[in-house]
Amino acid sequence: MTTTATATQQFMSTEQLLKHWQGHRNLTRRVIEAFPEKELFEFSIGGMRPFAKLAVELISIGGTALKGIVDNNMEAYTEESFNPKTKENILKKWDEETGVINHYFNQISEERFQETFNLFGQYEFPVYENILYFVDNEIHHRGQGYVYLRALGIEPPFFWERF
């Protein structure tokens with residue numbers, strides 16, 4: 001009779017997941033930095049939102065969602081009142097939000113990552129899937145930023161340089 005060994009080590013730790021997400025955030029921050037001030041707020045292609053609006057969306061979701069998970073708050077997402085006027089305002093808020101994300105992420109127990117949570121009262125998935133969505137959403141919007149930068153004749157940061 002042959003037995004098969006069962007793996008007891010998980011694929012990725014929560015620390016590795018946070019590091020992966022923060023790596024993407026570091027890269028998106030560099031994309032924000034690459035934009036000229038005016039174009040950050042005004043440039044658009046095909047009716048898509050300017051990159052400043054995309055950055056505000058990313059700033060508004062991560063920490064708010066994690067706080068909701070930690071507090072078991074399933075209230076609907078409401079638009080943030082953050083309305084930056086400069087690239088400096090966006091970058092400052094981006095850095096502040098990184099701290100908020102780290103704070104709440106580190107309050108989620110290992111077991112909670114597997115629990116189903118109805119984020120904003122409409123996204124009922126395991127906590128880890130919601131977090132992966134935040135990363136996917138950021139990659140999606142950063143891709144739009146890459147298109148904008150290239151259309152402006154600006155070389156975007158290398159996508160593999162996240163740290």
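A residue counts as buried when its relative accessible area is under 20%, as exposed when that value is over 50%, and as partly exposed in between (1.4 Å probe, protein chains only). By that scale R49 comes out as partly exposed, at 35% relative accessibility. The structure is a predicted model, so local features need pLDDT of at least 70 and side-chain atom pairs count only at pLDDT 80 or more, while totals for chains, interfaces and linings use all residues. Residues are numbered from 1 along each chain as its sequence is written, and side-chain values use heavy atoms, leaving out hydrogens and water.

Starting with the overall layout, the protein chain has 5 helices and 2 strands (DSSP runs numbered from the N terminus, with H or I over at least four residues for helices and E over at least two for strands). Going along the sequence, these elements come in the order α-α-α-α-β-β-α. Along the principal axes, the C-alpha atoms fill a box of roughly 65 × 40 × 30 Å. Of the 163 residues in the protein chain, 41% are buried. Take the contacts (heavy atoms within 4.5 Å) between residues at least 6 apart in sequence: 75% of them join residues at least 24 apart.

With a relative accessible area of 12%, T14 is buried. Leaving aside residues up to four places away in sequence, T14 touches F105, E110 and F113.

Next come the charges. The protein chain carries 16 positive and 23 negative side chains, and the centres of the two sets lie 6 Å apart. Here Lys and Arg count as positive and Asp and Glu as negative, without His or the chain ends, and each charge is placed at NZ of Lys, CZ of Arg, CG of Asp or CD of Glu. Side chains of opposite charge can pair when their charged atoms come close. A search of the whole structure turns up 9 salt bridges, each a side-chain nitrogen of Lys or Arg within 4 Å of a carboxyl oxygen of Asp or Glu.

One of these pairs is E57 with R49, whose closest N and O atoms are 2.8 Å apart. E57 is buried, at a relative accessible area of 17%, while R49 is partly exposed. Another salt bridge joins K67 and D71, at 2.7 Å from N to O. Both residues sit in helix α3 (residues 51–71), 4 residues apart, or about one turn of the helix. K67 is partly exposed at 36%, and D71 is partly exposed at 41%. E155 pairs with R150 at 3.6 Å between the closest N and O atoms, and both of these residues are exposed. There is also a network of salt bridges, linking R29, E33 and D95.

Finally, there is a nonpolar patch on the surface, formed by F158, F159 and W160, with about 380 Å² of accessible area together. Patches are made of residues with over 30% relative accessible area and no salt bridge, with like charges joined within 9 Å and nonpolar side chains (Val, Leu, Ile, Met, Phe, Trp, Tyr) within 5 Å. F159 lies in the segment after α5 (127–151) and counts as exposed because its relative accessibility is 53%.

Definitions and conventions: Areas by Shrake-Rupley, 256 points an atom, 1.4 Å probe, with all protein chains shown as cover.
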